[in-house]
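Let's take a walk through this structure together. Have the sequence and the 3D view open, and we'll go from one spot to the next.

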Amino acid sequence: QEALDSPATNILVCSHPDVALNTHALQVIRSEPVTLTGISGSGAPPTITSADGTLPILTFSIPPGSTASVEIQGFSIDGADTTSGCLVTEQIDLAVSDTAFELCQSDQPGAAIRVTGGSLTLANADFVGNRSDQRGGAVHVDAPTWLTDIQDALFEDNESGTDGGALSFSGGPGFNVQASEFDSNRAARGGAIAAVATGGIAYAGPMTSFASNRATGTGGAIYTDGTELWVDTATFDANEASDALAVHVLDGAARLTSATFENHSGDGATVLLDETTVQVQHSAFTTNSGGPALKVESPVDTHPLEITGNTFVGNASDQGASALSLYAFSNRALTLSGNTFPSQTGSAPAVRQDLPGAAPWDGNTFSNNQTAVEVRRNVTMTNATFAHNILGIQVPVAYRATVESGSFNDNVTGVALGLLG
């Protein structure tokens, strides 16, 4: 505490690797930058624990009108002996690297790290077994002034009582997560990540994976509300929820690029894009079951809806659609092109279209499905391929499906006209 209260800007914390530093709730108010570095004789990081379970292990804040930065590197922070969280900052630019947070507990948001204002940067940080009764089982960021940047992080077995089993964000410009792993985190909404009204971009980028995360409500891996979500080359495997097994985007924007969604099973859609603008490009949806692999519902009228170059393989549903469900109340500018829909296994059609005013579908391929397409509004298709389906297109008598160019090969029935249930 004495060193942190001093004007020093670089502080080394040394310990024997087998002896934990048992601290009495270090509270720091300063306007000078500080770097806190842990070292030990064996090369293993020193462990910090709590000697006062009623307060956070570390708290950093600044005098009114000041700015300050804190860098923490090379520690193992064990929160098993505190119920008030591990690290709390207010109006601080915080950078954490080469540090692990384990078993932090709190009845406040962000059991391991709670950031209010300022900014947060994480690099090579691990968060395991942290629990918050509120948002952000491991980390909560509230109204930051800069984009939150997370690289090479592990979030495993963290839990929130509300939103964001690993991470939660409210307000601010959003976040950038890359080369990070989210495994077996739990929450009510957003089993791994929840972002609400950030006003910026929530970016989940290359080499980021989401596996076996669970939400008791919606968004098994990610839930966003009032935020633009961009998923770029990330993978989603076997996440769970009551609805939106992997991702739920509500009232914002969604851009899914070269993403992979596989092995989800439950009663809802794997990806639910709800009242949002949509771009889904070059992504793969494989062996998901229960509801549609991708469900677009009542999208925002004033922006285009683009679903291009994607692959839907082996998805199964007995309700709505197996691969892609499109639904809206009013006219939409839809681009549905260059997608392939092979071997959906459910009794529901591969694609169900209930979208008025849609532009022609172009260059899509449907093969080895029980029913390839069910249309509940007028639709025109160009350069379409239907091969080896039990039924190519099902059309109720009130609507029209026009195939201007394409081919029907070895389907049991090419087009069926009649009433739909």
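A disulfide here is a pair of cysteine sulfur atoms within 2.5 Å. By that rule the count comes to 1 disulfide. Before we find it, a word on what you're looking at: this is a predicted model, in which local features need pLDDT of at least 70, side-chain atom pairs count only at pLDDT 80 or more, and totals for chains, interfaces and linings use all residues. Residues are numbered from 1 along each chain as its sequence is written, and side-chain values use heavy atoms, with hydrogens and water left out.

Now for the disulfide. In general, it's a covalent bond between the sulfur atoms of two cysteines. Here the partners are Cys86 and Cys104, with their sulfur atoms 2.0 Å apart. The pair ties together distant parts of the chain, 18 residues apart: Cys86 sits in the loop between β8 (76–78) and β9 (87–90), and Cys104 in the loop between β10 (92–102) and β11 (105–106). Those strands are DSSP runs (E, at least two residues), numbered from the N terminus. The link of Cys86 and Cys104 is left-handed, with -100 degrees about the S-S bond. Both Cys86 and Cys104 are buried, where buried means under 20% relative accessible area, exposed over 50%, and partly exposed in between (1.4 Å probe, protein chains only).

Is Ser76 buried or exposed? Ser76 counts as buried because its relative accessible area is 17%. Leaving aside residues up to four places away in sequence, Ser76 touches Pro45, Pro46, Thr47, Ile48 and Ala100, a contact being heavy atoms within 4.5 Å.

Next, look for charged pairs. The structure holds 10 salt bridges, each a side-chain nitrogen of Lys or Arg within 4 Å of a carboxyl oxygen of Asp or Glu. One of them joins Arg131 and Glu159, whose closest N and O atoms are 3.4 Å apart. That pair also links distant parts of the chain, with Arg131 in strand β14 (residues 131–132) and Glu159 in strand β18 (residues 159–160), 28 residues apart.

Glu159 meets Arg186 in a salt bridge too, at 3.3 Å from N to O. Here the partners are 27 residues apart, with Arg186 in strand β22 (residues 186–189). Arg131 is partly exposed at 29% and Glu159 is partly exposed at 31%, whereas Arg186 counts as buried at 16% relative accessibility. Salt bridges that share partners join Arg131, Asp157, Glu159 and Arg186 into one network.

Conventions: Helix = DSSP H or I, 4+ residues; strand = E, 2+ residues; numbered from the N terminus.
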